[in-house]
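Take a look at the model below. We will walk through it one part at a time.

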Amino acid sequence: MDIHRIQPGTRVHLSTFDTRDTGGFGGDKATGKKELKRLTSRLEDLQELLYAEGKHRLLIILQAMDTGGKDGVIRHVFDGVNPQGVKVASFKVPTTEELAHDYLWRVHKQVPGSGEIVIFNRSHYEDVLVVRVHGLVPADAWQRRYDQINAFERLLADEGTTILKFFLHISKDEQRTRLESRRDEPHKQWKFNVGDLKERKLWPDYLAAYEDALSRTSTEWAPWYVVPADRKWYRNLVIGSVLVQVLEGLDMHYPPAPEHLEEIVIE
Ligand code: ADP
């Protein structure tokens with residue numbers, strides 16, 4: 001799955017990434033789904049270990065165009081994990097209070113503590129994406145943010161947080177199909193947001209903003225993965241595989257049992 005990771009310093013051109021790619025995986029959808037089951041069950045065990053050990057912190061950042069599948073990833077990849085140690089933080093249009101602070105203020109408050117996994121559904125990257133596309137702050141302000149974000153993520157990493165960032169990459173055609181099904185299927189209509197159509201018109205501006213963000217903020221300590229996301233099963237498989245691989249690499253252990261446990265009699 002390393003093929004989807006952006007090496008630091010690489011200039012990203014999203015048009016060269018195939019959104020329907022299944023590159024790292026030889027199998028079909030059915031095999032992919034079976035493999036995801038195995039991964040989610042492994043993830044369950046690893047998350048329990050992370051929680052029990054209480055040492056590491058894991059931050060997962062999800063970014064995508066509208067309908068890109070952030071909610072689907074949260075539902076399918078984290079299927080069996082214990083909600084006690086996993087939290088989702090969603091970042092919406094900032095409130096008045098949030099706007100009265102620097103843009104990382106609301107973000108820093110949500111980062112994981114020891115033993116926790118936090119999933120960011122959108123993130124501080126909105127502050128170089130939607131904010132840039134709509135000119136919500138002057139250009140020199142958002143331009144400074146790439147370095148600020150790298151420094152912020154470096155701080156978190158230095159203090160023991162593992163950071164993984166996933167851009168769910170869908171094509172514009174795939175977005176049309178997904179918007180149509182939100183328009184037409186009764187159980188999906190609640191998700192239809194007319195505002196998404198306005199953003200869709202700005203597709204090239206968002207692509208340019210994403211390309212800059214991915215190029216400038218994929219670092220050794222907080223790498224970006226560009227996940228081909230037109231096929232949902234493959235998208236889930238990539239993210240599940242990366243998470244399992246990274247968590248297995250943390251060398252975690254259950255804390256030792258209390259001393260003289262074998263002498264305790266329970267009446
Ligand atoms: P989602 O699309 O993630 O399911 P919503 O439909 O509530 O959730 O959309 C959240 C909206 O908040 C998005 O349009 C997003 O661009 C916007 N948003 C998030 N962060 C910011 C920000 N810092 N400044 C302006 N808008 C933001």
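Helix α10 covers residues 232-248, which makes 17 residues. How far apart are its end C-alpha atoms? They are 24 Å apart. At 1.5 Å a residue, the helix should span 24 Å, so the two values agree. The expected span is 1.5 Å times one less than the number of residues. Keep in mind that this is a predicted model.

Is α10 mostly covered or mostly open? It is mostly covered, with 14 of its 17 residues buried.

Now turn to helix α1, which runs over residues 29-53. Thr40 lies in this helix. Is Thr40 buried or exposed? Its relative accessibility is 11%. Buried means under 20%, so Thr40 counts as buried. What does Thr40 touch, once its neighbours within four places in sequence are left aside? Thr40 is in contact with His76, Val77 and Asp79.

In Lys70, a side-chain N or O atom is 2.9 Å from an oxygen atom of the ligand. In Lys92, a polar side-chain atom lies 3.0 Å from a ligand oxygen atom. How much of the ligand does the protein bury? Taken alone, the ligand exposes 570 Å², and the protein buries 74% of that.

Methods
Residues are numbered from 1 along each chain as its sequence is written. This is a predicted model: local features need pLDDT of at least 70, side-chain atom pairs count only at pLDDT 80 or more; totals for chains, interfaces and linings use all residues. Side-chain values use heavy atoms; hydrogens and water are left out. A polar contact is a pair of N or O atoms within 3.5 Å; within protein, one must be able to donate a hydrogen and the other to accept it, and residues adjacent in sequence count only if both atoms are side-chain atoms. Accessible areas come from the Shrake-Rupley method with a 1.4 Å probe; for residues, only the protein chains shown count as cover. Helices (H or I, at least four residues) and strands (E, at least two) are DSSP runs, numbered from the N terminus. Buried means under 20% relative accessible area, exposed over 50%, partly exposed in between (1.4 Å probe, protein chains only). Contact means heavy atoms within 4.5 Å.
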